[in-house]
Structures are given as structure tokens and as C-alpha cells.
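Student: I have not worked with this model before. Could you take me through it step by step?

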Amino acid sequence: MDKLTPSQWKVVNKPYEPESTLKVIAGPGSGKTLTLLYKVLHLVTVENIKPEEILIFSLTNKAVDSIIENLLSIFEDSHTNKEIVRQIGCYTVHGLANRIVVENEGMINIIEEIGWRGLMKLLPPSKRTPHHFRSYKELEKVVKDYKLNSARNKNPVIEKLVELMDNCKVMTNDDLIIRAKKYLELDCSHSDASSSFTQDLQEKYKVVLIDEFQDLYPSLAPLITTICKGKQLIMFGDTNQSIYGFLGSNSEIMSQLDNLHPKNSTTVLKLFDNFRSTPEIISLASKIINLPLAEKQVIDGTDETPSELVRKLPSGVLPQIVTFDDLAAESEFIVDKITQLICSSAKFSDIAILSRTNSHLTTLANILKKYGIPYQKLKSQPDWMDDLRIQFLLDILKVCSLASDEKHDRGFNTSDKWQSNFSILVTMSALKGIGDASIQALYKACSLKNLSIWKYLTIVPNFEWPLGLSIKKKIENYTSNLYEMIEDDQIHQLDDPMELLEKVSGIANNLNLNPTYSQALGDPQSSLEFKTHLQEMAQVMKVSKSNKPPGISFVKWFLETYFDQTMVFHQAKQALQTTGPGTIKLSTIHSAKGLEFPIVFLTNGTMSNFPMDTNALYVGMTRARNLLYMCNMKHQRLVSKSPPYSRNIMSNNSFWAYYNKDMNRSAFGAEMAHDHNIQRYNQLRKKFGFYRAYSSLKGCKSIFRRI
DNA sequence: CGGTGAGAACTTTTT
DNA sequence: GTTCTCACCG
């Protein structure tokens with residue numbers, strides 16, 4: 001059993017007290033998660049807080065999943081009923097907001113890239129007007145600003161856009177938070193739905209735990225402060241690991257939370273030790289964030305004196321910093337290093353490659369695939385979800401489902417009347433040859449007649465449409481392809497997932513999509529990729545079908561739940577992969593937050609030229625337990641001093657002894673195997689064709705530096 | 001019309 | 001840190 005340190009016990013034993021705040025500052029590898037788990041256990045077993053009175057928040061799905069998983073094992077270890085864990089509320093902030101809003105107003109639509117692209121088509125075309133936007137991101141920003149203070153900057157164009165979004169229940173993630181807060185503040189104590197989720201939040205919870213508080217940003221504040229008021233608030237985090245600055249300032253929301261409860265009921269505790277990384281890695285990482293190790297931490301604040309800031313013994317191997325001119329050289333270095341490590345004591349599953357961008361990650365994945373190295377991408381969403389072609393199919397499904405409901409008068413109230421408009425706009429905007437002008441003319445005509453777009457297209461004869469002949473033809477094609485599905489209500493009768501998928505891809509096939517969607521249609525690799533994505537979507541559809549309750553059509557059920565189902569499915573699949581044969585983990589630094597790996601490669605790609613964010617670099621580095629390699633990290637503090645470069649990690653017997661001990665693995669006969677390892681390495685080298693690699697490695701100016 | 005300086009975007013997440 | 005756009009100036 002893991003024993004806690006005195007400073008960890010201090011956190012755990014801090015008594016429960018309503019309307020108080022406990023803030024725990026916990027650096028990387030300080031046992032933050034373990035402390036949080038024991039805190040929950042303590043609340044339940046010692047403080048007599050009921051499990052259903054505890055609410056745990058984090059920001060990412062991965063963090064939430066890992067908390068639940070760890071809670072299960074810790075409650076099991078302490079011989080407490082595992083059922084208890086299911087009663088503890090554990091959510092991402094957005095997941096919770098989503099549940100509240102959906103409970104109160106049914107299916108909603110979270111707007112994403114293609115949604116914004118569709119809305120952009122509604123804006124006046126002139127380049128000179130202030131409403132012209134280069135990219136959908138600009139529009140997104142303007143709409144956000146408008147919503148923040150619509151009273152001050154009146155803008156009729158944006159106003160109409162926002163109105164359309166409201167009518168179609170289209171929300172940004174920030175809207176989701178605001179809406180959720182609104183429902184929480186509503187008094188529904190008189191409502192007869194006695195155990196609604198919203199009501200539970202208003203009344204039941206006593207303790208709110210926030211994991212990774214440094215990741216919070218201002219637009220989350222309304223919801224979080226509403227929820228935490230009057231409860232005991234326990235926060236864990238580390239400002240040095242704040243890597244979501246691009247979403248807004250963390251200090252802003254933190255000061256709001258600090259003021260939530262009276263000053264004298266706030267306690268700040270710190271966890272100092274680092275059980276994770278080698279002193280070599282910690283020392284370099286501290287240098288990056290400009291934290292002179294021991295001294296500074298002792299000075300600021302608590303009476304706690306750090307017993308040992310570093311718990312692990314030196315490994316004798318320094319983090320290695322390398323720079324390459326091109327991608328080929330970088331990937332050869334990585335593959336070669338991996339080969340060396342694998343031919344020593346490391347397993348594939350020990351290794352993680354972390355990069356800053358998802359696109360670079362994809363590049364690396366393809367390279368690993370080429371060499372036949374097993375890998376696994378750590379992503380919260382599966383790949384098929386961000387395929388635009390798939391998103392188009394989903395939007396077609398939404399159009400059919402919503403328009404059919406409207407046609408057959410199944411809307412619940414009048415505000416639902418034109419919910420289909422948004423999806424229609426989005427899908428029509430995806431058609432080749434339909435530009436801003438046509439969309440605007442059509443939309444205007446619909447508003448004049450006070451009809452939804454679909455209704456207009458089906459009841460107004462086409463000679464009245466304010467469109468050119470070729471455009472009319474295209475729109476007619478769109479309408480006639482969807483006609484049976486909507487007007488004959490086929491969409492809700494199709495009960496078989498495969499039939500439905502076939503039908504809808506048939507429709508998409510008949511529609512001529514613009515290049516953004518149909519990217520590289522002729523490219524065989526791309527269409528193969530699409531096929532794989534389709535299959536993955538089909539799998540989720542089948543799962544969805546199998547748990548569909550009676551009394552709802554399959555499409556509706558699928559559209560309402562596919563997101564959640566996909567996440568569950570995806571997570572289960574990833575878990576299966578980790579238990580199978582070892583795979584190298586690929587992840588962005590942001591997604592790797594909270595995780596640790598025995599061996600870490602950090603890479604920034606050779607092409608992207610803008611410098612590494614200090615905190616992101618710090619987070620990346622502190623993921624590593626024993627070995628750290630950094631490729632093309634462009635950061636000021638890494639360009640310093642000179643270098644012993646450990647030429648051959650394979651021959652470093654003392655390091656591998658250290659490594660195996662750290663991993664709790666028997667190192668029996670490791671030294672004996674050394675010659676054998678070298679032999680194996682040379683064979684693989686030959687197989688992988690590293691001869692070229694070596695020449696190019698020599699050719700590129702590798703710079704090895706040390707702190 | 002062409003040069004120049006300022007400022008923004010590039011990237012990371014949430015359903 | 002690099003690259004692009006736009007307003008402004010001569």
C-alpha cells in the first residue's frame with residue numbers, strides 16, 4: 001500500500017467545513033492524484049460525507065476517466081464498496097453543463113468549424129464592409145464579443161446571425177456554460193420531477209473538488225462559482241503547468257474563486273516532493289520555468305518545509321537536446337533511438353512521443369507505421385469524428401430528422417419550428433458552386449415569406465426562386481435527393497443502421513461537394529481513409545442501435561447520443577490497446593497532461609517555426625520519469641552551454657539497472673544480454689535501412705547541449 | 001503605385 | 001519566431 005507523506009496527509013486530514021476553500025498547490029509528480037483520491041476516501045469514510053454529496057470536476061475527458069478508474073481501485077483496496085464510486089459525481093465542466101442544458105431543453109447543437117463556415121455565407125459579400133471575414137475564426141471571435149456586450153456594439157448583421165443560432169439551438173461551448181448557469185439559478189424546487197440532475201446540483205452536493213485548477217479560464221467562471229458557493233471547495237493544481245492561456249487568463253477566474261468564501265476560511269497547502277522524474281530531468285525542467293529549485297519554494301508561503309524536493313536518485317543520464325534540419329532527419333533519429341531502447345530493457349509501451357500539434361502527430365504516426373513500429377494515438381476523440389466528410393453525413397442526417405419533424409408537426413413548441421435551418425445552411429454551403437450570394441438571396445426570400453428553408457424549397461415553385469439557372473439546378477438536386485427522406489418520413493422509419501448509412505452516403509454521393517469537403521477525392525489513400533472512418537461510424541451506429549430505448553426513432557436516438565456513445569466506445573478501445581501488446585503512445589502535450597511515461601520524446605516538428613510556449617515545454621518535460629529526448633524545441637532557455645552526449649545508451653549498464661529498478665522489473669541477466677542486444681539492434685538497423693539515416697544524421701548539424 | 005510599420009495569425013481544448 | 005495583410009505615406 002502506498003503511504004502518503006506528511007504534507008499529503010495534511011491535505012487529506014484537513015477537516016470538512018462548509019463555505020471554505022482548500023487550495024493545494026501540487027507540482028508535477030508530487031502525488032497530486034493520489035492525494036485527491038485519499039481525500040475523497042477520507043471524506044466518505046471519516047467525515048461521513050455521502051458519496052452522492054461529492055462532486056469532482058476536471059477539464060478533460062481523459063482526466064475524468066482516470067479519476068474514476070483510480071477511485072474504483074482505491075475503494076477496492078480499502079475494502080470499501082465499489083458501488084460507492086458510481087454515486088460520486090465526476091464530470092468535465094462542459095460535460096456537466098451539457099447535461100444540465102439538454103435536460104432542460106432537449107437536443108442542442110454545438111457549433112464547430114463547418115457550422116461557422118456555413119454562417120459566414122450569410123454575411124454581405126463586399127470586401128470593404130466591416131463584416132467581411134477572412135476566416136471562420138474571425139467570425140467566431142466577433143460573435144463572442146457581440147454576446148459579451150451586445151448592448152454596446154450594435155451590429156445588425158451579427159444580431160441576425162445570433163438570432164438564427166438561438167432559433168436552431170446552436171451554441172458555442174461558452175454559451176453552454178452560461179445556459180447551464182441560468183438553469184441552476186432557476187428555482188425548480190416546486191417542480192415534480194423530484195430527482196432531476198439540475199436539482200441535485202442545486203441542493204445535494206456538499207463538497208466540490210476541482211482537479212487541475214490552473215486549466216480553468218474565465219468563461220467557465222459563471223457556472224463554477226454558482227456551483228461552488230456555500231460548499232467546501234477543494235482545488236488541486238500548479239500554475240506552472242498552466243497551458244490553456246490561449247483560452248483566457250487563469251488568474252482572473254482564480255481570483256474570483258479565491259473571493260468566493262471568506263478569506264479566513266481559505267487554506268493553502270503545498271505538495272513539494274517529486275516522485276516521478278530523475279533529478280537530471282527535474283533540474284532542467286525547473287530551469288525552463290525559471291524556478292531555482294529548493295530556495296524559492298521555501299520562501300513563499302507555508303510553514304511546511306520541503307523534506308526532499310527530489311525523491312529519486314540520479315540516473316546518470318541527462319536529457320538530450322537535438323536539432324535537425326528536416327523532418328526526415330528528425331524521424332530517423334527518433335526511430336533509431338527507439339530501436340536502441342527496445343533492444344535494451346525498454347518496452348514499446350514505456351515510450352511516449354509528445355508533440356505540440358495534432359498535424360505533426362499524424363506525420364509521426366505515418367512514419368512509425370512505415371517502420372512497422374506499433375503505436376497508439378492518445379486522443380479524446382477518434383479520428384473519424386473530425387473527418388469533414390463524416391461531419392457532412394451527420395449534418396445531412398440532422399437536416400432530414402429536423403425537417404421531417406417540422407413537416408410532420410412534431411416540434412414541441414413554436415421555438416423549435418425552424419431548427420432545421422441551420423443544418424440546411426451548413427449542408428448547402430458545402431455544395432460546389434453555391435456561393436455567398438445565392439445563399440443570402442435564398443435565405444432572404446425565406447424570411448420574407450416567413451417559411452423555413454426546407455418548406456420554401458418544397459412549396460414555392462422554383463421559378464420564383466431568386467437564383468440563377470445553374471444554381472437552381474443544384475439546389476433542386478439537393479432537394480430531390482432529400483425529398484423522400486423528409487417528406488415521406490423515411491428518415492424515421494429506417495431502423496437498420498447499415499441501411500440508413502447506405503442511404504445517407506448515397507445522398508452525399510449524388511451531391512457535388514466543394515473541395516473543402518471532398519478533399520483529394522481521386523487520391524486513393526484519402527478514400528481508403530474515408531472508408532475506414534465510415535466503418536468506425538457504422539460501429540458506433542450499431543452500438544447505438546443495440547441500446548436504443550423504445551418509443552424513439554433510431555436517427556433521433558443516434559443523433560442525440562452518438563457523441564457520448566462514441567466517447568465511451570473510443571475509450572474502451574484505447575484501454576484494450578494498452579492491455580494488449582505494447583505500443584508507443586503518441587499524444588499532444590496538452591492531452592498528455594496528468595500522465596507520465598518512463599521515456600519521453602518531445603518534438604516540435606521542423607517546419608513550425610514559432611517558439612515553444614514555456615509552460616507547455618515544462619509540462620512536456622515533466623511527463624518523463626527516466627529518459628527525456630527533445631527534438632527541435634525552440635526555446636530560449638534551452639539554447640545554452642555545452643554538452644556531453646551519451647553516445648550509446650545501450651551500453652550504459654548502470655542506467656538500465658536503475659531503469660529496471662524504477663520500473664519494478666527484474667533485471668536478471670541484463671548484462672549478459674548486452675552483446676545479444678547489440679546484435680539485435682544491428683539487425684534491425686539493417687532492416688530499417690538506417691545506413692542512410694546515419695549519413696544524414698552526420699550531415700545535419702546536431703547540437704547537443706547541457707544545462 | 002510602391003514601400004513601410006503595426007498587428008494578427010499560426011497552435012493547443014471543451015460536447 | 002515567421003509570414004501575411006492592411007492602413008498609411010510620399
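Tutor: Let us begin with a term: two strands pair if DSSP finds at least two bridges between them. Helices (H or I, at least four residues) and strands (E, at least two) are DSSP runs, numbered from the N terminus. The model is predicted, so local features need pLDDT of at least 70 and side-chain atom pairs count only at pLDDT 80 or more, while totals for chains, interfaces and linings use all residues. Residues are numbered from 1 along each chain as its sequence is written, and chains are lettered from A and ligands numbered from 1 in the order in which they are written.

Student: In what order do the strands β9, β14, β13, β10, β12 and β11 stand in their open sheet?

Tutor: The order is β9-β14-β13-β10-β12-β11, and the pairing of these 6 strands is parallel. At the edges stand β9 (320-322) and β11 (375-377); each has a single partner strand, so one side of each is left without a neighbour in the sheet. From one strand to the next the twist averages 20°; axes are lines fitted to C-alpha atoms, for helices over the stretch in contact, and angles run from 0 to 180 degrees between N-to-C directions.

Student: How many bridges join β10 to β13?

Tutor: Strand β10 (residues 351-355) and strand β13 (residues 597-603) run parallel and are joined by 5 bridges. Within that pair, S355 stands opposite T603.

Student: What about the open sheet that holds β3 and β8? Which are its edge strands?

Tutor: That sheet also has 6 strands, in the order β3-β2-β6-β7-β1-β8, with parallel pairing. Its edge strands are β3 and β8 (266-271), each pairing on one side only. The twist there averages 15° from one strand to the next.

Student: Which strands pair with β2, and over how many bridges?

Tutor: Strand β6 (residues 207-210) pairs with β2 in the parallel sense over 4 bridges, and L55 has V208 as its bridge partner in β6. Strand β3 (residues 89-92) likewise pairs with β2 in the parallel sense over 4 bridges. In β3, G89 stands opposite L55, and C90 stands opposite I56.

Student: Why is β2 largely enclosed?

Tutor: Strand β2 (residues 54-58) has 5 of its 5 residues buried, so it is largely enclosed by the rest of the structure. A residue is buried if 20 or more other C-beta atoms lie within 10 Å of its own, exposed if 12 or fewer, and partly exposed in between, with C-beta atoms placed from the backbone. In a regular strand the side chains alternate between the two faces of the sheet. For β2, I54, I56 and S58 lie on one side and L55 and F57 on the other, and both faces are covered.

Student: And β7, is that strand buried or exposed?

Tutor: In strand β7 (residues 232-237), 6 of the 6 residues are buried, so the strand is largely enclosed by the rest of the structure. Q232, I234 and F236 point one way, and L233, M235 and G237 point the other way. Strand β1 (residues 20-26) pairs with β7 in the parallel sense over 6 bridges, with F236 as the bridge partner of V24. Strand β6 pairs with β7 in the parallel sense over 4 bridges, and V207 stands opposite Q232.

Student: Changing topic: which residues come nearest to DNA strand B?

Tutor: Of the 24 residues around DNA strand B, the nearest are T60, I110, N173, F246 and N358. A residue is near a molecule or strand if its C-beta atom, placed from the backbone, lies within 6 Å of it. Elements giving two or more residues to this surface are α5 (93-105), α7 (136-148) and α16 (358-371), and α5 gives the largest share, 3 residues.

Student: How many residues of that surface are charged?

Tutor: The surface near DNA strand B has 3 charged residues, alongside 15 polar and 6 nonpolar. Here Ala, Val, Leu, Ile, Met, Phe, Trp, Tyr, Cys and Pro count as nonpolar, Asp, Glu, Lys and Arg as charged, and the others, Gly among them, as polar.

Student: Where is E487?

Tutor: E487 lies in helix α21 (residues 469-487). E487 is partly exposed, with 15 other C-beta atoms within 10 Å.
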